[in-house]
Amino acid sequence: MRVLMLTLLLNAAPAPSGTAPVSPAREAASLAPEPVAPETRARLLRREVAQVALAQVKAPDAAWQPAQRDCAGLIRYAYRTAYRRVASARLASPLWRDARGAPSDFADAETLLARSFLPLGRGLEAREQLRTGDVVAFRQEHDEGPVFHLMLVVRPEDRAHAPARVVYHPGEAGARVRTGLLDSLATEAPLEWRPVPANAAFLGFFRFKEWMS
């Protein structure tokens, strides 16, 4: 997996003759990387989330623990890996919140939606505004209780040449990560899996709270 890195190229002119030598502290400060602008960091994070998620379709990373491989686990892994590559300082505290709202490294699908993501809507307008890292959420009713299912959106910045996709883990142990076109999901999937307002099982589209700006 290619790791995106920001590098700073410095072309320092030689010090004029007779000038005082630069102190180690000042020299270190001059070599420190410039802060990454928030919009640049957000773009890089989204790009990494897309790359990590799509890589799992071919074969799951060894670092993604088998016990964590489900729909919510894919989102946790893709986000955490993206932050580690682009903004590792953010991982000094957990990305997620537990059911009580406390920082946590683990959150299941229902808790992710309730505590770490915000709804964008359920209609076509919200679907058109989706970006990489957003989530398509469903709640399926079963005899043993409701089951929440999440799909990760991957949408290239150049929307004119590449359609939005969903990447998801079906949830069963040993299952492979899958991907498909979002538009196909909305028109060709069984009704209970279509991200359309007519589907009562469709909860809507969601975005990570820290990416709402």
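Helix axes here are lines fitted to C-alpha atoms over the stretch in contact, and angles run from 0 to 180 degrees between N-to-C directions. Helices are DSSP runs of H or I with at least four residues, numbered from the N terminus. Welcome to a predicted model, where local features need pLDDT of at least 70, side-chain atom pairs count only at pLDDT 80 or more, and totals for chains, interfaces and linings use all residues. Residues are numbered from 1 along each chain as its sequence is written, and side-chain values use heavy atoms, leaving out hydrogens and water.

**How α2 and α3 pack**
- Helix α2 (residues 38-58) meets helix α3 (residues 71-86) at an angle of about 130 degrees, and their axes lie 8 Å apart.
- Contact (heavy atoms within 4.5 Å) involves residues including Leu44, Leu45 and Val49 of α2 and Leu74, Tyr77 and Ala78 of α3.

**Helix α3 itself**
- Twelve of the 16 residues of α3 are buried (under 20% relative accessible area, with a 1.4 Å probe and protein chains only).
- Among the buried residues of α3 are Cys71, Gly73, Ile75 and Arg76.

**Gln68, in the loop**
- Gln68 sits in the loop between α2 and α3.
- With a relative accessible area of 28%, Gln68 is partly exposed (between the 20% limit for buried and the 50% limit for exposed).
- Not counting residues up to four places away in sequence, Gln68 touches Gly73, Leu74, Arg76 and Phe106.
- Gln68 and Ala173 are 105 residues apart in sequence, and their C-alpha atoms are 9.6 Å apart in space.

Key
Helices (H or I, at least four residues) and strands (E, at least two) are DSSP runs, numbered from the N terminus.
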